[in-house]
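Dear colleague,

My notes on what was found in it follow.

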Amino acid sequence: MSSANSTVRLAADNVAALDGASVSPIKESVGSYISGYRFNGDSISEGFRAKMRDLLHNRGLVVFAPGTVTAENFTKFGGFLGEFFDYAGPHTPRAPDNPDATVISAAKDSHLRNHVWHADGGFRADAPAFTALFGKAVPKNGGDTMYANATYVYESLDPLFAQYLDSLQVIQSPDATGHITDRYLDPEEAAQARLRMPPFEMPLVRTHPVTGRKWIAINESYVCYIKGVSRVHSQNILGILFDIIKSPEATCRFEWEEGALAVWDNRVVQHRAVKDYSGDATRLLYRCTMTA
Ligand SMILES: [Fe+2]
């Protein structure tokens with residue numbers, strides 16, 4: 001990574017008052033924490049919505065303190081960011097108390113692969129822009145979620161290396177690391193899933209449509225290889241990028257609080273769960289995903 005970090009642009013956290021709420025950075029390069037705001041279950045001001053989007057577009061992750069939303073109304077809150085985009089497959093159940101939410105629970109889904117770095121829906125060319133994740137029940141210890149700012153990573157690279165990456169295309173697939181093979185055990189279902197979600201080509205570096213900032217768009221879950229170079233070349237370049245993405249400088253770690261809401265922009269951050277909690281612990285999160 002370049003030491004010239006002065007070129008890295010980070011949005012100010014205190015972008016004026018957010019309807020009385022206070023905003024603080026989680027880490028220097030990624031994430032903001034908002035407390036003192038309560039969603040009334042009905043509407044938010046246009047100013048609040050615009051500032052929330054600005055933080056998401058630039059700092060990637062916004063965590064709202066417990067008490068901001070409920071398990072029943074967080075989807076309406078998330079819906080102010082865009083249209084619901086439900087890409088979940090047959091293994092992802094609906095939340096019993098919120099039909100717009102799906103349940104993320106290792107206890108309910110033994111093939112859950114959320115502990116590998118990924119962007120939600122990143123195996124599709126039309127992946128959702130935003131994810132909202134509500135802490136319904138969280139372990140006393142462990143089960144954090146980690147986030148890495150892939151825009152910060154790109155902007156921290158040596159410019160010549162970044163320029164080289166700009167020229168590369170990659171092949172993405174949900175089965176790059178066995179997402180279909182491990183989950184769709186019936187061969188016919190697996191074949192259907194592969195037809196539904198075929199591999200596709202995309203640039204390794206992509207540009208955020210709102211900010212115009214570039215981000216490293218590959219992750220450990222869904223990239224197969226860099227097109228047009230040898231396997232060794234591809235693996236080594238991807239390995240360098242994966243190492244930088246998970247570096248302490250680019251990441252933050254959110255310790256879940258019951259009732260907290262984490263919202264992020266999948267075009268800025270990638271994320272992973274930390275699978276360190278005991279088998280008896282409950283880690284039950286509700287999710288909805290939205291278009292831009
Ligand atoms: Fe995820």
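Lys76 and Asp42 form a salt bridge, with their closest N and O atoms 3.7 Å apart; the term denotes a side-chain nitrogen of Lys or Arg within 4 Å of a carboxyl oxygen of Asp or Glu. This pair links distant parts of the chain, 34 residues apart: Lys76 belongs to helix H2 (residues 74-78), and Asp42 to the loop between strand E2 (32-35) and helix H1 (46-59). Helices (H or I, at least four residues) and strands (E, at least two) are DSSP runs, numbered from the N terminus. Lys76 is partly exposed, with a relative accessible area of 40%, and Asp42 is likewise partly exposed, at 47%. Here buried means under 20% relative accessible area, exposed over 50%, and partly exposed in between (1.4 Å probe, protein chains only).

Please note that this is a predicted model, in which local features need pLDDT of at least 70 and side-chain atom pairs count only at pLDDT 80 or more, while totals for chains, interfaces and linings use all residues. Residues are numbered from 1 along each chain as its sequence is written, and side-chain values use heavy atoms, with hydrogens and water left out.

Further salt bridges

A search of the whole structure finds 15 salt bridges. One of them joins Asp175 and Arg194, whose side chains meet at 2.9 Å, N to O. Asp175 lies in the loop between strand E8 (169-172) and helix H5 (179-183), and Arg194 in helix H6 (residues 187-196), so the pair ties together parts that are 19 residues apart in sequence. Arg194 is partly exposed, with a relative accessible area of 37%.

The iron site

Which residues supply the protein donors of the iron ion? They are His118 (NE2), Asp120 (OD) and His271 (NE2), lying 2.1 to 2.2 Å from the ion. Donors are N, O and S atoms within 2.8 Å of the metal (3.2 Å for Na, K and Ca); water is not among the atoms, so sites may look incomplete. The spacing of the donor residues in sequence is H-x1-D-x150-H. His118, in the loop between strand E5 (98-105) and strand E6 (130-137), and His271, in strand E15 (residues 269-273), are 153 residues apart and link distant parts of the chain. Both of these histidines, His118 and His271, are buried.

Asp120 also takes part in a salt bridge with Arg287, the closest N and O atoms being 3.8 Å apart. This pair, too, links distant parts of the chain: Arg287 is in strand E16 (residues 284-290) and Asp120 in the loop between E5 and E6, 167 residues apart. Arg287 is buried, with a relative accessible area of 13%, and Asp120 is buried at 4%.

Cysteines

A disulfide is taken as a pair of cysteine sulfur atoms within 2.5 Å, and by this rule the count comes to zero. Cys252 is in no disulfide, the nearest cysteine sulfur being that of Cys288, 19 Å away. Cys252 counts as buried at 2% relative accessibility, as does Cys288 at 3%.

The chain as a whole

The secondary structure comes to seven helices and 16 strands. The radius of gyration is 19 Å, close to the 19 Å that the globule rule gives for 292 residues, so the chain is as compact as a globular protein of that length. This radius is taken over C-alpha atoms, and the globule rule is 2.2 Å times the number of residues to the power 0.38. Along the principal axes, the C-alpha atoms fill a box of roughly 55 × 50 × 35 Å. Of the 292 residues, 52% count as buried. Among contacts (heavy atoms within 4.5 Å) between residues at least 6 apart in sequence, 80% join residues at least 24 apart.

Two individual residues

Arg267, in the loop between strand E14 (261-265) and E15, is buried, with a relative accessible area of 12%. Leaving aside neighbours within four places in sequence, Arg267 is in contact with residues including His57, Phe130, His208 and Trp215. Asp158 is found in the loop between helix H3 (150-156) and helix H4 (159-166) and counts as partly exposed at 40% relative accessibility. Between Asp158 and Ala95 the C-alpha to C-alpha distance is 45 Å, with 63 residues separating them in sequence.

Yours sincerely
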